[in-house]
Amino acid sequence: MKDNIAPSVVSTYPENGEENVPVSASITVTFSERMSRTATQSAFSVFPDVDGEFSWNENTLIFTPAEKLMPETVYGVTIREEAMDLAWNSIGENYIWYFFTGAPL
């Protein structure tokens, strides 16, 4: 039987609206099921732009910035609807959240 159930975002770190996030933080997104790594990583973006590397722990995408995040900055993270599970079901709509970094250490 074909999987027709769209995946969803279960949780994020930092959480939406979270304040005083450490500038050394990684960004994580946990999905309801295993995802296509290529499609999901391609659908991930951070603004302001941040370079970094992806890794996975089962259903959780982990984005580790190459350098510390800027202090006292609002960051927006988007998982575009092109993110897909292993059966090629899209998450259906863009998932967007924001967080605020704290003062420099």
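Here is a short walk through the model, from the whole chain down to one pair of residues.

Before you click, note that this is a predicted model, where local features need pLDDT of at least 70, side-chain atom pairs count only at pLDDT 80 or more, and totals for chains, interfaces and linings use all residues. Numbering starts from 1 along each chain as its sequence is written, and side-chain values use heavy atoms, with hydrogens and water left out.

You'll find 1 helix and 8 strands (DSSP runs numbered from the N terminus: helices are H or I, at least four residues; strands are E, at least two). Going from the N terminus, the elements run β-β-β-α-β-β-β-β-β.

Of the 105 residues, 38% are buried, meaning under 20% relative accessible area with a 1.4 Å probe, protein chains only.

Next, pick out the open sheet: 4 strands in the order β1-β3-β6-β5, paired antiparallel. Two strands pair if DSSP finds at least two bridges between them. Select 9–13 for β1 and 52–57 for β5; these are the edge strands, each pairing on one side only. From one strand to the next, the twist averages 15° (between N-to-C directions of axes fitted to C-alpha atoms, on a scale from 0 to 180 degrees).

Zoom in on S55 and you'll see I62 of β6 opposite.

Methods:
Buried means under 20% relative accessible area, exposed over 50%, partly exposed in between (1.4 Å probe, protein chains only).
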